[in-house]
Amino acid sequence: IATASSDHTVRLWNADTYTCLHTLRHNNSVWALAFSKLNRSVVASCSCDGGNCKIWNISSGECLKTLLHEDSVRTVAWSPSNETQLATGSADEKVRIWNTD
């Protein structure tokens, strides 16, 4: 389980013990997050901190990659058929399709 928050964090939780496994930090409120259905080792989160979408390793909590828009990123979704493809939508009025390799 993951939660996105206005306290600038994404928290990854153990669903059995209800304990927080990792706290992942942005520089501003986190708008949305998405798990990849094809690659269970990553989660993506987006925020209003300068147009960032971050891809995180679920096991380690390490930020693997930061994708940039020109304004706040409001939504994120993984491709259902390609484990490295991600879509983001931003207040810069652009939707981008990313290859995260």
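A contact means that heavy atoms lie within 4.5 Å of each other. By that rule, Trp78 touches Ala34, Phe35, Ser36, Val42, Ala44, Ile55, Glu83, Thr84, Gln85, Leu86 and Thr100, leaving aside residues up to four places away in sequence. The model is predicted, so local features need pLDDT of at least 70, side-chain atom pairs count only at pLDDT 80 or more, and totals for chains, interfaces and linings use all residues. Residues are numbered from 1 along each chain as its sequence is written, and side-chain values use heavy atoms, without hydrogens and water.

**Overall build**

- The protein has zero helices and 10 strands. Both are DSSP runs numbered from the N terminus: helices are H or I with at least four residues, strands are E with at least two.
- The radius of gyration, taken over C-alpha atoms, is 13 Å. The globule rule (2.2 Å times the number of residues to the power 0.38) gives 13 Å for 101 residues, so the protein is as compact as a globular protein of that length.
- Along the principal axes, the C-alpha atoms fill a box of roughly 40 × 30 × 15 Å.
- Buried residues make up 40% of the 101 residues. Buried means under 20% relative accessible area, exposed over 50%, and partly exposed in between, with a 1.4 Å probe and protein chains only.
- Take the contacts with a separation of 6 or more: residues 24 or more positions apart account for 28% of them.

**Strand pairing**

- Strands S8 (residues 73-78) and S9 (residues 85-90) pair antiparallel over five bridges. Two strands pair if DSSP finds at least two bridges between them.
- A hairpin of six residues joins S8 to S9. Thr75 has Gly89 in S9 as its bridge partner.
- S9 also runs antiparallel to S10 (residues 95-99), again with five bridges. Here Thr88 is bridged to Arg96 in S10.
- Four residues lie between S9 and S10 in their hairpin, where Glu93 takes a positive phi near 65°.

**Cores**

- A nonpolar core is a set of buried Ala, Val, Leu, Ile, Met, Phe, Trp, Tyr and Cys residues joined through side-chain atoms within 4.5 Å.
- The largest core has 13 residues; Ala44, Cys53, Ile55, Val76, Trp78 and Leu86 touch the most other members.
- Strands S4 (30-35), S5 (42-47), S6 (52-57) and S8 each give two or more residues to this core.
- A second, separate core has seven residues, including Leu24, Val30, Val43 and Trp56.

**A charge over a ring**

- Arg74 lies over the face of Trp31, 4.4 Å from the ring centre. The cut-offs are NZ of Lys or CZ of Arg within 6 Å of the ring centre and within 35 degrees of the ring normal.
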